[in-house]
Amino acid sequence: MYNLLKGKVGIISGALDENSIAWKIAETAHEEGAKFVLTNAPVALRMGTIQQLADKCNTIVIPADATSIEDWENLYEKATEHLGGKLDFALHSIGMSPNIRKKKEYNNLNHAWSLKAIDISALSFHKMLQVAEKMDVLNDEASIVALTYIAAQRTVPHYGDMAEAKAVLESIARSYGYRLGKSKKVRVNTVSQSPTATTAGLGVSGLDVFMDYAEKMSPLGNASAQECADYVVSLFSDFTKKVTMQNLYHDGGFSNMAISEEIMEAFGKGK
Ligand SMILES: NC(=O)c1ccc[n+]([C@@H]2O[C@H](COP(=O)([O-])OP(=O)(O)OC[C@H]3O[C@@H](n4cnc5c(N)ncnc54)[C@H](O)[C@@H]3O)[C@@H](O)[C@H]2O)c1
């Protein structure tokens, strides 16, 4: 513990259960001295175990569907009231594709569901930032992070329309990063995380194989959810004040590999 977030207040979305990346981020932010509120979709509050996390972090859960402007307005109003002021950090850890959930192949998408996936997984980030700007709830030098995946840049089978959603998400981080950087020195970044065994991750068929493959490709091995939490906390801290508009790979080196010795060995052509 380094007290990296002492005195800082924020919002953490997307903790569903103890496997969620956001769950680890909340625990780590709490250990590092932050105060925050938790939020998730009303349905997730009924299905998940988020109240246990709230008790542990000595905070409250404010339900909000991330696709609803009214819910963001209500969330910011209640959060700033509960925390006693404006926000220093916010985490977007939200993703869902009905096509993936219903195992629709890429050449057989239900396009109405794709719009839903993009709304939930990407436009919700724009809504989060637009409402925050309008309500002026961010402190100067606040830090905003959204979680993303390399399927936005490189094709991954079975990731379906989430690849498009993540590309939009990353673009929104750049566009809003420019805007909020100019107006309030707020930084906005996406963290592109290794495949991780969570509810959303395991919804993508073959995740276990991606994980094995990525582990063998990455010189540092896959990044765990806890390691992702440590990295995100560093981005919320004062040690990263000039990092903005970036898609930051947190993947053990995977994104810069073409082939590794382990993969060569797996194909029977190792040294
Ligand atoms: N698991 C992986 O392999 C992996 C890799 C890279 C990036 N990510 C990203 O990390 C983020 C968190 O996912 P996770 O892997 O921790 O899984 P998770 O299932 O624990 O978290 C996804 C969260 O999104 C929330 N959500 C869905 N619809 C919502 C809505 N309408 N409003 C508000 N919240 C809603 C869910 O309730 C859930 O808490 C996602 O953006 C995901 O794409 C995951």
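This is a predicted model: local features need pLDDT of at least 70, side-chain atom pairs count only at pLDDT 80 or more; totals for chains, interfaces and linings use all residues.

Me: Which residue follows H7, and what is its phi near?
Reply: H7 covers residues 162-184. The residue that comes after H7 has a positive phi. That residue is Lys-185, with phi near 55°.

Me: How far does helix H7 reach from its first C-alpha to its last?
Reply: H7 has 23 residues. At 1.5 Å a residue, the expected figure is 33 Å. The model comes close to that, with a reach of 31 Å.

Me: Which elements are included in what covers the buried residues of H7?
Reply: The buried residues of H7 include Met-162, Ala-165, Leu-169, Ile-172, Ala-173, Tyr-176 and Leu-180, and Lys-166 and Glu-170 are among them too. Residues three or four places apart in an α-helix point the same way, because there are 3.6 residues a turn. The cover over H7's buried residues includes H5, H6, E5, E6 and E7.

Me: Is Arg-174 buried, partly exposed or exposed?
Reply: Arg-174 sits in helix H7, and its C-alpha is 7.5 Å from that of Asn-189, 15 residues away along the chain. Being buried would take 20 or more other C-beta atoms within 10 Å, and exposed means 12 or fewer. Arg-174 has 16 of them within 10 Å, so it counts as partly exposed.

Me: How many residues of E6 are buried?
Reply: Arg-187, Asn-189, Val-191 and Gln-193 point one way from E6, while Val-188, Thr-190 and Ser-192 point the other way. Residues on both sides are buried. For E6 that makes the buried count seven of seven.

Me: How many bridges join E5 to E6?
Reply: The two strands run parallel. Val-188 in E6 is the bridge partner of Ile-144, and Asn-189 in E6 stands opposite Val-145. The number of bridges joining E5 to E6 is six.

Me: In E5, which residue is the bridge partner of Ala-90?
Reply: E5 also runs parallel to E4, with five bridges joining the two. E5 is mostly covered, eight of its eleven residues being buried. Ala-90's bridge partner in E5 is Ile-144.

Me: Which element gives the largest share of the shell around the ligand?
Reply: There are 26 residues around the ligand, and the nearest are Ser-20, Ala-44, Gly-95, Ala-200 and Gly-201. H1, E5 and H8 are the elements that give two or more residues to that shell. The largest share is three residues, and it comes from H8.

Me: Which residues is Ala-29 in contact with, leaving aside neighbours within four places in sequence?
Reply: In soluble globular proteins, nonpolar side chains tend to be buried together. The largest nonpolar core here has 75 residues, and Ala-29 is one of those touching the most other members, along with Ile-12, Ala-15, Ile-25, Ala-26 and Val-232. Sequence neighbours aside, the contacts of Ala-29 are Leu-5, Ile-12, Ala-34, Phe-36, Val-233 and Phe-236.

Me: Which residues is Met-1 in contact with once neighbours within four places in sequence are set aside?
Reply: Met-1 is in the segment before E1. It counts as exposed because it has 7 C-beta neighbours inside 10 Å. Its C-alpha is 21 Å from that of Leu-38, 37 residues along the chain. The contacts of Met-1 are Glu-31 and Glu-32.

Me: What is the phi of Asn-3, roughly?
Reply: Most residues other than glycine have a negative phi. Asn-3, in the segment before E1, has a positive one although it isn't a glycine. Asn-3 counts as exposed because it has 11 C-beta neighbours inside 10 Å. Its phi is about 55°.

Me: And what is phi of Met-245 near?
Reply: Met-245 lies in the loop between H10 and E7. With 17 other C-beta atoms within 10 Å, Met-245 is partly exposed. Its phi is positive in a residue other than glycine, near 60°.

Methods. Residues are numbered from 1 along each chain as its sequence is written. A residue is near a molecule or strand if its C-beta atom, placed from the backbone, lies within 6 Å of it. Helices (H or I, at least four residues) and strands (E, at least two) are DSSP runs, numbered from the N terminus. Two residues are in contact if their C-beta atoms, placed from the backbone, lie within 7 Å. A nonpolar core is a set of buried Ala, Val, Leu, Ile, Met, Phe, Trp, Tyr and Cys residues joined through C-beta atoms within 7 Å. The expected span of a helix is 1.5 Å times one less than its number of residues. Two strands pair if DSSP finds at least two bridges between them.
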